[in-house]
Amino acid sequence: MKEQLLKEIIQYLLVERDYNLKIPTSYQELKQLYKALVNTRAPIPLSETILNKEDHYLKLEQLEKEITDVNTMLEIEPHIILWQGDITTLKCDCIVNAGNEDGLGCFNPQHLCVDNVIHTSAGMRLRLECQQILQGQKIKTGDFIVCNSYNLPCQKIITTVGPQIITEPTLEDELALSNCYKNTLEYAIKNNYHSIAFSSISTGLFAYPIAQAKIIAYRAVKETLNKYQSNIKVIFNVFSGSDYNEYQKMFTNKKNN
């Protein structure tokens, strides 16, 4: 079933762009071609039939993944959770995507950035909604947009833009990164969401040193929780073991002090 759905989606996308490519026979090659086509596709309208087929395919894919429910996760301190894993498998109210100023997702299929992973797993509807919201405008550093989650187990996808570091972070960069966390968390609190998961904003391709970024992220979250006296659950989501160890070290030091 999944293979047939992929072939039909790919055939449509190849014809749409006038690509004369042979459709692969192996499932893994089909997945790679599908990812390349959807990641590089401009956010222009397409057949609702194909979008429905993609929804069907992505939901079948999700059935094979291990979904983690925020309600089963242990807090490392009150209202705060540290979790290592794929944010697209997290069942919570909101996930925060670290995007770029265009706000349309990553157009490079080879990138392993969280922006790419989220858009690929949510489906083409996400890029279409981003385009509908932005209408060619940019997302300013520290600002965000909110979209539906489509084929992800969360409810909302919040895309924010962190600072991009060229040499060393400046005070302006620190404030911008802090605002990414404060502004999105404030939105979630004011809209009565009960949980929000943050990807490690700006620490990947945007090159913000994790040792500094984790402290800024933690302080911004704590200040916002205290400001609103909120019980929302905040998940610091990391993908690599080294980033997890960085956060773990910070929380261990806090307990010992």
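Predicted model: local features only at pLDDT ≥ 70, side-chain atom pairs only at ≥ 80, totals over all residues.
## Pockets and cavity

The largest pocket holds about 810 Å³ of space. Its lining comprises 30 residues, and those nearest the pocket centre are L112, C113, V114, D115 and G204. Two elements, α4 (114-122) and β8 (233-238), each contribute at least two residues to this lining. Helix α4 gives the most to the lining of the largest pocket, namely 3 residues. Sorted by class, the lining of the largest pocket contains 14 nonpolar, 12 polar and 4 charged residues.

The second largest pocket has a volume of about 490 Å³. It is lined by 21 residues, with K31, K35, E61, T120 and S121 closest to the centre. Two or more lining residues come from each of α2, α3 and α4. Here α2 gives the most, with 5 residues. The lining of the second largest pocket divides into 8 nonpolar, 8 polar and 5 charged residues.

Across the whole structure, the search finds 1 cavity of 30 Å³ or more. The largest cavity contains about 100 Å³ of space. Its lining is made of 13 residues, of which V38, H119, G123, M124 and R127 are the closest to its centre. The elements that give two or more residues to this lining are α2, α4 and α5 (124-134). By class, the lining of the largest cavity has 6 nonpolar, 4 polar and 3 charged residues.

| Space | Volume | Lining residues | Lining by class |
|---|---|---|---|
| Largest pocket | about 810 Å³ | 30 residues | 14 nonpolar, 12 polar, 4 charged |
| Second largest pocket | about 490 Å³ | 21 residues | 8 nonpolar, 8 polar, 5 charged |
| Largest cavity | about 100 Å³ | 13 residues | 6 nonpolar, 4 polar, 3 charged |

Helix α4 supplies at least two residues to the lining of the largest pocket, and is among the elements that give two or more to the second largest pocket and to the largest cavity. Helix α2 likewise gives two or more residues to the second largest pocket and to the largest cavity.

## Aromatic and charge–ring arrangements

A search of the whole structure finds 7 aromatic pairs. One of them joins Y34 and Y57: the ring centres are 5.5 Å apart and the planes meet at 75°, so the pair is edge-to-face, the class for angles over 60 degrees. This pair links distant parts of the chain, since Y34 belongs to helix α2 (residues 27-39) and Y57 to helix α3 (residues 48-63), 23 residues apart. Both tyrosines fall under the 20% limit and therefore count as buried: Y34 has a relative accessibility of 3%, and Y57 has one of 2%.

Elsewhere, ring pairs link Y218, F236, Y247 and F251 into a cluster. A charge–ring arrangement is also present: R127 lies over the face of F107, at 3.7 Å from the ring centre. R127 is also one of the residues closest to the centre of the largest cavity.

L185 is located in helix α6 (residues 171-190). Its relative accessible area is 0%, under the 20% limit, so L185 is buried. Apart from neighbours within four places in sequence, L185 is in contact with I196, F198, V221, T224, L225, I232 and V234. The C-alpha atoms of L185 and T88 are 19 Å apart in space, while the two residues are 97 residues apart in sequence.

S202 occupies the loop between β7 (195-198) and α7 (210-228). Although in a loop, S202 is buried, with a relative accessible area of 4%. Leaving aside neighbours within four places in sequence, the contacts of S202 are G162, P163, L177, A207 and Y208.

Q4 is found in helix α1 (residues 2-16). Its relative accessibility of 41% lies between the 20% and 50% limits, so Q4 counts as partly exposed. The C-alpha atoms of Q4 and L82 are separated by 39 Å, the two residues being 78 residues apart along the chain.

How values were computed:
Residues numbered from 1 in each chain as written. Heavy atoms only, no water. Helix = DSSP H or I, 4+ residues; strand = E, 2+ residues; numbered from the N terminus. Buried < 20%, exposed > 50% of the residue type's maximum accessible area, 1.4 Å probe, protein only. Contact = heavy atoms within 4.5 Å. Phe/Tyr/Trp six-rings, centres within 6.5 Å; stacked < 30°, edge-to-face > 60°. Lys NZ or Arg CZ within 6 Å of the ring centre and 35° of its normal. 1 Å grid on protein atoms, 1.4 Å probe; cavity = no way out; pocket = protein on both sides within 12 Å on 5 of 7 lines; lining within 4 Å. Points joined across faces, edges and corners; volume = space filled by probe spheres on them. Nonpolar A, V, L, I, M, F, W, Y, C, P; charged D, E, K, R; others polar.
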